[in-house]
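User: Please go through the terms used to describe this structure and set each value against its definition.

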Amino acid sequence: MSDAGLDLFPTMMVLLAFGDAWLLDGQRPPLQMLHRTCGHACSPLVVCSACKGPIDARDVQYRNGPGAGSHTHTVERKRSRRGSDPMALERGRPCSVARTLRIIGDRWSFLVIREMFFGVRRFDEFQSNLGIATNILTDRLQHLAEHGVLERRAYRVRPERFEYRFTPKGMDLFASMIVMMHWGDKWLSGGKPPLLIRHKPCQHDFHAEVVCSHCRQPLLAHEVNYFTRYAVDGVMAAYAVPRPAADLDHAPDQPA
Ligand SMILES: [Zn+2]
Ligand SMILES: [Zn+2]
């Protein structure tokens, strides 16, 4: 895998955590993570790169970065491209990442959520900011409401007007958004991030960092093991994801 590919690991971790938190319908999470660096079961935590404190969507300010303004609105094709079979994402193994992507995986749903984190609430604002066709916007708002990410609220009675607000579940997507944003800034912006974010509590520009909930060290792909909690071919697997071979030679917890 390329460096950019490996660096998607934190994104996968936060999507997994979101799916575990919201999309299990009362079942146990399919995977349990073990952080080999500290030896503890853990979950990913998103913190500010500057102060290492937790990040709340309401504590973040946005401003244009050096790469701002270079994008153009693309016009959606005639037919929706949401994909024919959303369940296909989860074929093979139960997966909280796949479940999360069923909600935010298509481009327009993702952009609607992003706009909402920038404070957009109303239909015509979404439309003018995104250059999105009304029927597609209606469809995506409905899709996100069906999945409990946002809700439609009347803000005026006569004439009746609605706006869209995050549910707590929707607010919880913020961590995933800013982790993905950091990946894009690092690998796709040519050193010119389009957007800069500032953490109000510490007053520093920051990016999202994904750390171990136990020891607060960054979670790296080769330092995390997984226990599966579902049967593979009828057998419960201890480690679905093997350790990289090169790592076995000097792993500290290897028996002599
Ligand atoms: Zn901070
Ligand atoms: Zn740890």
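Analyst: In this predicted model, helix α4 (residues 107–117) packs against helix α6 (residues 134–146) at an angle of about 75°, and their axes lie 10 Å apart. Local features need pLDDT of at least 70 and side-chain atom pairs pLDDT 80 or more, while totals for chains, interfaces and linings use all residues. Residues are numbered from 1 along each chain as its sequence is written, and chains are lettered from A and ligands numbered from 1 in the order in which they are written.

User: Why is α4 called roughly perpendicular to α6?

Analyst: Angles of 65 to 115 degrees count as roughly perpendicular, under 35 as roughly parallel, over 145 as roughly antiparallel and the rest as oblique. The angle is about 75°, and therefore α4 is roughly perpendicular to α6.

User: Which residues of α4 meet α6?

Analyst: Trp108, Ser109 and Val112 in α4 meet Ile136, Arg140, Leu141, His143 and Leu144 in α6; contact requires C-beta atoms, placed from the backbone, within 7 Å. These residues divide into 5 nonpolar, 2 polar and 1 charged. Ala, Val, Leu, Ile, Met, Phe, Trp, Tyr, Cys and Pro count as nonpolar, Asp, Glu, Lys and Arg as charged, and the others, Gly among them, as polar.

User: What makes β2 and β10 edge strands?

Analyst: The open sheet has the order β2-β1-β10, with antiparallel pairing. Strands β2 (40–42) and β10 (224–228) each pair on one side only. Pairing needs at least two DSSP bridges, and 3 bridges join β1 (residues 31–35) to β2.

Definitions and conventions
Axes fitted to C-alpha atoms, helices over the stretch in contact; angles between N-to-C directions. Helix = DSSP H or I, 4+ residues; strand = E, 2+ residues; numbered from the N terminus. Contact = placed C-beta atoms within 7 Å.
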